[in-house]
Amino acid sequence: ARIRFINNNKYIAIASVTLDKELIINDIRVVANGKSDIRLIFPCSERALARKQYNILPDSELYIRIKKAIFLELKKEEK
């Protein structure tokens, strides 16, 4: 995971992840969810949002794997 910290009220960082050296997901917005948790917002088209279609659901195994990778990278960068 690659992290770019940003300084605004909505997000704490923008992340990019590479899965199995094959799939790259850019511009994942990272939101603080308390002091020891984060929430991820994946990029999505306006058309998909209008239809309430989401790329990755928050309770899927893939979401959890990506979230852990980003969370570990955030902790590494904070030191």
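Contact, in what follows, means heavy atoms within 4.5 Å. Good morning, colleagues. What I present is a predicted model, in which local features need pLDDT of at least 70 and side-chain atom pairs count only at pLDDT 80 or more, while totals for chains, interfaces and linings use all residues. Residues are numbered from 1 along each chain as its sequence is written, and side-chain values use heavy atoms, with hydrogens and water left out.

Let me turn to the sheet. Helices (H or I, at least four residues) and strands (E, at least two) are DSSP runs, numbered from the N terminus. Two strands pair if DSSP finds at least two bridges between them. Here, four strands make up an open sheet with antiparallel pairing, in the order β1-β2-β3-β4. The edges are held by β1 (2–5) and β4 (38–41); each has a single partner strand, so one side of each is left without a neighbour in the sheet. On average, neighbouring strands of this sheet are turned by 30 degrees against each other, direction ignored. Axes are lines fitted to C-alpha atoms, for helices over the stretch in contact, and angles run from 0 to 180 degrees between N-to-C directions.

Next, the pairing of β1. This strand is joined by four bridges to β2 (residues 13–19), and the two run antiparallel. Within β2, S16 stands opposite R2. Is S16 buried or exposed? S16 counts as buried, because its relative accessibility is 13%; buried means under 20% relative accessible area, exposed over 50%, and partly exposed in between (1.4 Å probe, protein chains only). Leaving aside residues up to four places away in sequence, S16 touches A1, R2, I25, N26 and D27. With N26, the side chain of S16 also makes a polar contact of 3.0 Å. A polar contact is a pair of N or O atoms within 3.5 Å; within protein, one must be able to donate a hydrogen and the other to accept it, and residues adjacent in sequence count only if both atoms are side-chain atoms.

I come now to helix α2. This helix lies across β1, β2, β3 (23–32) and β4, and runs at about 120 degrees to β4. E73 is found in α2, which spans residues 61–78. With a relative accessible area of 15%, E73 is buried. Residues up to four places away in sequence not counted, E73 touches A1 and I3.

Finally, the loop between β2 and β3 contains D20 and K21. Neither is a glycine, yet phi is positive, at about 50 degrees for D20 and about 55 degrees for K21. D20 is exposed at 62% relative accessible area, and K21 is exposed at 82%.
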